[in-house]
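Hello,

Here is the structure for your files. My notes on it follow below.

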Amino acid sequence: MAPPPAPGIVHLGLGAFFRAHGAIYVAEAMAAAGGEWGIVGVSLKSPGTRDRLAPQGHAYTALELGPDGEVPRRIEVLSDVLVAPEDPDAVLGAMERARIVSLTVTEKGYCHVPATGRLDMDHPDIRADLADPARPASAIGFLVRGLARRRAAGARPFTVLSCDNIPENGRLVRGLVLELAERIDAGLAAWIAGAGAFPCTMVDRIVPATTGDDLGRVETLVGARDEAPVMHEPFRQWVVEDDFADGRPDLAAAGVELVEDVAPYEHMKLRCLNGSHSALAYLGYLAGAETISQAVGRPELEGYVRRLWSRDILPVLTPPPGVDLAAYADALLARYRNPAIRHRTWQIAMDGSQKLPQRLLGTLADNLEARRDPARVLLAVAGWMVYTRGRGLDGAPIEVRDPLAAELAGYWDGDPAPGEVVSRYLGCARVFDPALAARPEMREGLSRALAALLRDGVEGACAGA
């Protein structure tokens, strides 16, 4: 086994996606152009990932799932994995030595209010960050305390590189870091504002959850037991604004697109891929489809997602330079059809209250501003409403994982009519911007979509949308 590479990057939230995407790019960049850019992974909550990787020397298998077969690859870019609650000082020490701190903590890990983009000061992790400076609890708290250590050491700030599916993710995390830093030390906030770097990024690769069966398949393929493999599709894309405070790997050598403005790419991906993924997750799950490939295998749902792209999403998008949006959507459908990618609708449906503003509501607002009828997006939102009821259209219980799960399920108390359900949901300012929620066509359109879904079922509602 080769010795681990010297670290230069700390990654917060070492989940399957980063290990199947960013970590592979970094490994390829070092192989192509050298540099000390090994990755120290950080689990912010639990030791499970560390406990699986440490006995393997932090190496793992990335298994490419193509329509024509599976290709395993050994990834040896991790130098260590730390568990934040066990030793926060070790995490802060690693951040003090890092030149880049990247993160994939999902939308809810930013401890913000998605509808406003502001820090949620009532969030228990943010309250903990302010109460005990030596033991940060949130990713934002660790970033602020880590940057404070860099400042105290007289070093440049590390670059904060968000790799989450959030619009303008770099600008969002910059604002949240500055907001928390201002509460702690105005001088620190000023230093971060002046010298810090928070490039926006767009990431794209479908990474289904690893199952017990996957462990057995990987063992058969590579001839050894791996407790922490990751599964991924062949396609990948990483677009990064080239704005780093203290150097970076030669990412271009690994195929990363380095650009001045990532916004057109992220809007295209968030709305075309993530938006349609969420729509298929809620409607597909309610229709009994376990995976995305099963969902698009149903004629009504395939026709629905095609119309979602052509009538609601693409007309209000500005494409990146040289990109044909219709061809991009066709390529997405081909990726969704890949039977080897068992991307579960239930997995994609998690934390919808955090995802909707970025994935669907922006498209909805743009269509309403353009006086277009976004019936397909409205149906997707209605599907989310039914899903968060905690019962399917057939009355069967659904295990809903969402920070607002109890509140959302309560909107259905008393068996209200569709219009009343919609009014209750639109009153949730943590999800729906009040200006959007107040539009009569929003309320009326959602009420129609919800009524059709409850009356006609998924396939009937999709056929009529």
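**Helix contacts, burial and backbone**

Helix 6 (residues 139-152) and helix 8 (residues 186-195) have axes that come within 10 Å and cross at roughly 85°. Axes here are lines fitted to C-alpha atoms, for helices over the stretch in contact, with angles from 0 to 180 degrees between N-to-C directions. Helix 6 and helix 8 are therefore roughly perpendicular to each other (65 to 115 degrees; under 35 counts as roughly parallel, over 145 as roughly antiparallel and the rest as oblique). On the helix 6 side, Val144, Leu147, Ala148, Arg150 and Arg151 meet Gly187, Leu188, Trp191 and Ile192 of helix 8, where contact means heavy atoms within 4.5 Å. By class, this contact has 6 nonpolar, 1 polar and 2 charged residues. Nonpolar covers Ala, Val, Leu, Ile, Met, Phe, Trp, Tyr, Cys and Pro; charged covers Asp, Glu, Lys and Arg; the others, Gly among them, are polar.

This is a predicted model: local features need pLDDT of at least 70 and side-chain atom pairs count only at pLDDT 80 or more, while totals for chains, interfaces and linings use all residues. Residues are numbered from 1 along each chain as its sequence is written, and side-chain values use heavy atoms, with hydrogens and water left out. Helices (H or I, at least four residues) and strands (E, at least two) are DSSP runs, numbered from the N terminus.

Helix 2 (residues 22-33) has 12 residues, which at 1.5 Å a residue should span 16 Å; the end C-alpha atoms are 16 Å apart, which agrees. The expected span is 1.5 Å times one less than the number of residues. Buried means under 20% relative accessible area, exposed over 50%, and partly exposed in between (1.4 Å probe, protein chains only). The buried residues of helix 2 include Tyr25, Glu28 and Met30. Gly34, with a positive phi near 75°, follows helix 2.

In helix 4 (residues 88-97), the buried residues are Pro88, Val91, Leu92, Gly93, Ala94 and Met95. They pack against strand 1 (7-12), strand 2 (38-43), strand 5 (78-83), strand 6 (100-103) and helix 6.

Ser162 lies in strand 9 and is buried, with a relative accessible area of 0%. Not counting residues up to four places away in sequence, Ser162 touches Leu103, Tyr110, Asn169, Val173 and Thr201. Ser162 and Thr104 are 58 residues apart in sequence but 6.6 Å apart in space, C-alpha to C-alpha.

Two residues other than glycine with positive phi may be worth a look. Glu168 has phi near 50° and sits in the loop between strand 9 (159-162) and helix 7 (169-184); Glu168 is partly exposed, at 36% relative accessible area. Asp351 has phi near 60° and is found in the loop between helix 14 (345-349) and helix 15 (352-369); Asp351 is buried, at 7%.

The structure holds 0 disulfides, a disulfide being a pair of cysteine sulfur atoms within 2.5 Å. For Cys428, the closest cysteine sulfur is in Cys111, 17 Å away and too far for a bond. For Cys462, the closest is in Cys272, at 18 Å, also too far for a bond. Cys428 counts as buried at 3% relative accessibility, and Cys462 counts as buried at 0%.

Regards
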